[in-house]
Amino acid sequence: MLHGKSAIKPYADVWSKPTRYLCRVLLCLLTSLATAQEEEWPDFPEADLEARIAEVSDGTLSFLAEPPESPVHHHLNRIRILPESLHGGWVQLEQCHRHLDRVPLLEIVYHPQRIRKIRILSARNIDQSRVIDNGVELRGIHADASLCLSAESRALQQLAPDLYRLRNGPYMRRFLDGYYPLHLSVQIDYPAHLLALQSASPNTPQAPAYTLEPGSIRWDAWFRGRLYTEFTFSSKRRP
């Protein structure tokens, strides 16, 4: 995860036009930091504006019992732990973003030491998308926009000779001190002949249940605030 505050440029009269508040949303998803920057800002109907402001939380993690009435940013992660991942920590990543916020410029920036081989797989209703160094730049995001990419992420940590941890996050949809609803779907595939799942987090009573199959974990949740996921595996035998 990229530590520290975001690189959003200060905007002196951000409060003079409330719609700007809605557009400059910070998305911190998986091991990424994404910022929406200001150019020309679309206007939202006043009723829509009030509904969006009502969705803001203070960052405390809370799971939603029911999905929001309107579609919200849907973040999908598929992570593949390969046998060779146990040696260097690099896992295969496929990541999709659906229902992106309509902004003129969005940057998804990853930790430079924890990402490599970024490749855009598809982009819909986005005027321009390109990989720049350790991130992706999107220009002209329209309604019902989506983006899918692939990469390798150094997300697997060896805690002991026979113990591994896969930790991702924080997942959040944020602007300043406000957090908006986010839909997260996670799938983790791992070599069942080499690893056994020991624990998964979050595992509070409010959190949705995980779907577990041999070599696969799936999880789907709607939430507000900051969310980390953590999975601990034990080694069945030396890879």
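Me: Are Asp-101 and Arg-173 buried or exposed?

Reply: This is a predicted model, in which local features need pLDDT of at least 70 and side-chain atom pairs count only at pLDDT 80 or more, while totals for chains, interfaces and linings use all residues. Residues are numbered from 1 along each chain as its sequence is written, and side-chain values use heavy atoms, with hydrogens and water left out. A residue is called buried under 20% relative accessible area, exposed over 50% and partly exposed in between, with a 1.4 Å probe and protein chains only. By that scale, Asp-101 and Arg-173 are both buried.

Me: How many Å apart are the closest N and O atoms of Asp-101 and Arg-173?

Reply: A salt bridge requires a side-chain nitrogen of Lys or Arg within 4 Å of a carboxyl oxygen of Asp or Glu, and Asp-101 and Arg-173 form one. The closest N and O atoms of this pair are apart by 2.9 Å.

Me: How many residues apart are Asp-101 and Arg-173?

Reply: Helices (H or I, at least four residues) and strands (E, at least two) are DSSP runs numbered from the N terminus. Asp-101 sits in the loop between E5 and strand E6 (105-110), whereas Arg-173 belongs to strand E10 (residues 163-175). The pair therefore links distant parts of the chain, in the sense of the strand and loop assignments, and the separation of Asp-101 and Arg-173 is 72 residues.

Me: Which strands hold Arg-124 and Asp-144?

Reply: The side chains of Arg-124 and Asp-144 meet in a salt bridge, at 3.3 Å from N to O. Because the two lie in separate strands, they tie together parts that are 20 residues apart in sequence. Arg-124 counts as partly exposed at 43% relative accessibility, and Asp-144 is partly exposed at 41%. The strands are E7 (residues 115-132) for Arg-124 and, for Asp-144, E8.

Me: Is Glu-137 buried or exposed?

Reply: Glu-137 and Arg-139 meet through their side chains in a salt bridge of 3.2 Å, N to O. Arg-139 has a relative accessible area of 29% and is partly exposed, whereas the relative accessibility of Glu-137 is 7%, so Glu-137 counts as buried.

Me: How many salt bridges does the count come to?

Reply: Side chains of opposite charge can pair when their charged atoms come close. Under the distance rule already given, the count of salt bridges comes to ten.

Me: What is the angle about the S-S bond in the link of Cys-96 and Cys-148?

Reply: A search of the whole structure finds one disulfide, defined as a pair of cysteine sulfur atoms within 2.5 Å, and Cys-96 and Cys-148 form it with their sulfur atoms 2.0 Å apart. Cys-96 lies in strand E5 (residues 90-98) and Cys-148 in strand E8 (residues 135-154), which places the pair 52 residues apart. Both cysteines, Cys-96 and Cys-148, are buried. The link is right-handed, and its angle about the S-S bond is 115°.

Me: Which residues touch the most other members of the largest nonpolar core?

Reply: A nonpolar core is a set of buried Ala, Val, Leu, Ile, Met, Phe, Trp, Tyr and Cys residues joined through side-chain atoms within 4.5 Å. The largest has 43 residues, and E8 gives the most to this core, with seven residues. Leaving aside neighbours within four places in sequence, Ile-81 is in contact (heavy atoms within 4.5 Å) with residues including Leu-86, Leu-166 and Phe-233. The residues that touch the most other members are Ile-81 and Leu-166.
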